[in-house]
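Visitor: I have a sequence and a model to look at. Could you walk me through them, one question at a time?

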Amino acid sequence: MTKRTSTDGSYKMIACHVEGFPKPAVQWTSSGGVINKTEETKYVNGKFISKIKIAPEENVTLTCIAENQLERTVTSLNVSAISIPESDEPEEKSDDNRENVNDQAKLIVGIVVGLLLAALIAGVAYWLYMKKSKSASKHLENLSVTTIPENKHRPTEA
């Protein structure tokens with residue numbers, strides 16, 4: 001559910017974002033009873049939005065009930081009677097945009113983590129290489145070159 005206050009503050013638009021197949025029936029209720037004046041967007045790809053306009057005289061809790069043969073979902077939202085435009089109210093965005101933003105964020109995080117892991121692996125590999133090359137050169141300096149005399153075998157007479 002989303003909530004937007006009109007520019008003049010005279011009413012609030014409450015939207016219930018509904019998804020399901022077959023198309024769910026939507027019913028709005030408040031502490032005063034059932035609300036019948038609703039608007040609906042077109043039902044496209046299993047999604048639509050049911051909207052109501054209210055100008056509450058007191059604080060009220062609105063409930064959006066979406067129901068079809070398979071499932072029943074109930075969502076509630078508290079609405080203040082004070083008509084102060086609320087700057088932190090989310091703008092109505094399509095669910096596709098939200099999914100795209102989430103997918104892009106996941107992709108960016110994945111790329112950053114991958115680059116950090118690659119840098120870490122390269123650093124460890126370089127450190128091991130340098131450690132081995134230093135220890136190998138020290139080891140070679142400590143060795144003295146010696147020759148081992150060959151065992152000369154004399155042929156035995158039988």
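Visitor: How much of residues 107-129 is helix, and how far apart are the end C-alpha atoms?
Guide: This is a predicted model, where local features need pLDDT of at least 70, side-chain atom pairs count only at pLDDT 80 or more, and totals for chains, interfaces and linings use all residues. Residues are numbered from 1 along each chain as its sequence is written, and side-chain values use heavy atoms, with hydrogens and water left out. Helices (H or I, at least four residues) and strands (E, at least two) are DSSP runs, numbered from the N terminus. Over residues 107-129 the chain is 0% strand and 100% helix, and the end C-alpha atoms are 33 Å apart.

Visitor: What does UniProt list for residues 107-129?
Guide: UniProt positions are given in the numbering used here, feature names are shortened, and annotations may be inferred rather than shown by experiment. The entry is unreviewed, and its name for residues 107-129 is "transmembrane region".

Visitor: Is valine 109 buried or exposed?
Guide: Valine 109 lies in helix α1, residues 95-142. Buried means under 20% relative accessible area, exposed over 50%, and partly exposed in between (1.4 Å probe, protein chains only). Valine 109 has 52% relative accessibility, so it counts as exposed.

Visitor: What accessible area do Val109, Val113, Leu117, Leu120, Val124, Trp127 and Leu128 have together?
Guide: These residues form a nonpolar patch on the surface. Patches are made of residues with over 30% relative accessible area and no salt bridge; like charges are joined within 9 Å, nonpolar side chains (Val, Leu, Ile, Met, Phe, Trp, Tyr) within 5 Å. Accessible areas come from the Shrake-Rupley method with a 1.4 Å probe, and for residues only the protein chains shown count as cover. Together the patch has about 660 Å².

Visitor: What pattern does the protein chain follow along the sequence?
Guide: The chain has 8 strands and 1 helix. Read along the sequence, the pattern is β-β-β-β-β-β-β-β-α.

Visitor: In what order do the 4 strands of the open sheet lie?
Guide: Two strands pair if DSSP finds at least two bridges between them. Strand β1 (residues 2-5) pairs with β2 over 4 bridges, and 8 bridges join β2 (residues 12-19) to β6 (residues 47-54). Another 2 bridges join β5 (residues 39-40) to β6. The pairing is antiparallel, and the order is β1-β2-β6-β5.

Visitor: Which are the edge strands?
Guide: Each edge strand pairs on one side only. The edge strands are β1 and β5.

Visitor: Which residue has a positive phi in the turn between β5 and β6?
Guide: β5 and β6 form a hairpin with 6 residues between them. The hairpin of β1 and β2 also has 6 residues between its strands, and there glycine 9 takes a positive phi near 75 degrees. In the β5 and β6 turn, phi is about 50 degrees at asparagine 45.

Visitor: Which residue meets lysine 23 in a salt bridge?
Guide: A salt bridge is a side-chain nitrogen of Lys or Arg within 4 Å of a carboxyl oxygen of Asp or Glu. By this rule there are 2 salt bridges; one joins arginine 72 and glutamate 67 at 3.7 Å, N to O. In the other, the N to O distance is 3.3 Å, and the partner of lysine 23 is glutamate 40.

Visitor: Where do lysine 23 and glutamate 40 sit in the chain?
Guide: Lysine 23 is partly exposed, with a relative accessible area of 39%. Glutamate 40 is partly exposed too, at 40%. The pair links distant parts of the chain, 17 residues apart: lysine 23 in the loop between β2 and β3, glutamate 40 in strand β5.

Visitor: Which residues does tyrosine 43 contact beyond its neighbours within four places in sequence?
Guide: Tyrosine 43 is found in the loop between β5 and β6 and is partly exposed at 28%. Contact means heavy atoms within 4.5 Å. The contacts of tyrosine 43 are Gly20, Phe21, Pro22, Lys23, Pro24 and Phe48.
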